[in-house]
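Trainee: I would like to work through this model with you. Can we take it one question at a time?

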Amino acid sequence: DEVPVILAATIYGVTLVAMLGFSALYNMLDSVRWQGLLRRLDHSGIYFKIPGTYTPLSLLAAAHPAGLLISMWCTAAAGAALKMLAPHRFRWLSIALDLGMGWAAVVVDREMIFALPPEVLACVVAGGLCYTCGVAFYIFDRLPFHFTIWHVFVLLGTACFFGAVAQMVTGPLA
């Protein structure tokens, strides 16, 4: 049964690299010509990274992963379309979609959450809390360096979820 593990790791890896790559390009390139597209891709990358992270967790731990995964990927596509077509509108809806998708498994697939090994669940909870706390800095525009602080929380959350996925596809990291 290596196929689900390879598929799960590949989907996660592609969405992780896409999110980090788009973010790096958007934040490091100083090109007025490409800034609008890169911002759209950066924000869309976040939408796809969320189900990309849930995919290995669901495929490898859930008894019936289809429901959660279909809803997550469809919501990601809708969120990305929103960002591509109306990048400067619906800020609060966009933030709500990100947070809602991130915490969806707690509501939609509690069985999958409880099927995760304790060390994986700890990484998932820590990562979710990092992302959620980071949103406070993202929306607090008047705070100096709020985007930098938010990116630190994103990187911490990403590291936690990387640990969770790594443990799911390889076994405990001990």
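Trainee: Is Arg91 buried, partly exposed or exposed?

Mentor: This is a predicted model, and the call rests on a computed relative accessibility. Buried means under 20% and exposed over 50%. Arg91 has 29% relative accessibility, so the residue counts as partly exposed.

Trainee: Which residue forms a salt bridge with Arg91?

Mentor: Side chains of opposite charge can pair when their charged atoms come close. A search of the whole structure finds 1 salt bridge. In that pair the closest N and O atoms are 3.4 Å apart, and the partner of Arg91 is Asp141.

Trainee: How many residues apart in sequence are the parts that this pair ties together?

Mentor: Arg91 belongs to helix 4 (residues 91-108), while Asp141 sits in the loop between helix 6 (118-139) and helix 7. Asp141 is partly exposed, at 46% relative accessible area.

Trainee: Are helix 1 and helix 7 roughly parallel or roughly antiparallel to each other?

Mentor: The axes of helix 1 (residues 2-28) and helix 7 (residues 146-170) come within 11 Å and cross at roughly 165°. Angles over 145 degrees count as roughly antiparallel. Helix 1 and helix 7 are therefore roughly antiparallel.

Trainee: How many charged residues does the contact of helix 1 with helix 7 have?

Mentor: Helix 1 passes helix 7 in a left-handed crossing. The contact includes Val5, Tyr12 and Leu16 of helix 1 and His151, Phe161 and Val165 of helix 7. By class, the contact has 12 nonpolar and 4 polar residues, and the number of charged residues is none.

Methods
Residues are numbered from 1 along each chain as its sequence is written. This is a predicted model: local features need pLDDT of at least 70, side-chain atom pairs count only at pLDDT 80 or more; totals for chains, interfaces and linings use all residues. Side-chain values use heavy atoms; hydrogens and water are left out. Axes are lines fitted to C-alpha atoms, for helices over the stretch in contact, and angles run from 0 to 180 degrees between N-to-C directions. Helices (H or I, at least four residues) and strands (E, at least two) are DSSP runs, numbered from the N terminus. Angles under 35 degrees count as roughly parallel, over 145 as roughly antiparallel, 65 to 115 as roughly perpendicular and the rest as oblique. A crossing is left-handed if the near helix is turned anticlockwise from the far one by less than a right angle, and right-handed if clockwise. Contact means heavy atoms within 4.5 Å. Ala, Val, Leu, Ile, Met, Phe, Trp, Tyr, Cys and Pro count as nonpolar, Asp, Glu, Lys and Arg as charged, and the others, Gly among them, as polar. A salt bridge is a side-chain nitrogen of Lys or Arg within 4 Å of a carboxyl oxygen of Asp or Glu. Buried means under 20% relative accessible area, exposed over 50%, partly exposed in between (1.4 Å probe, protein chains only).
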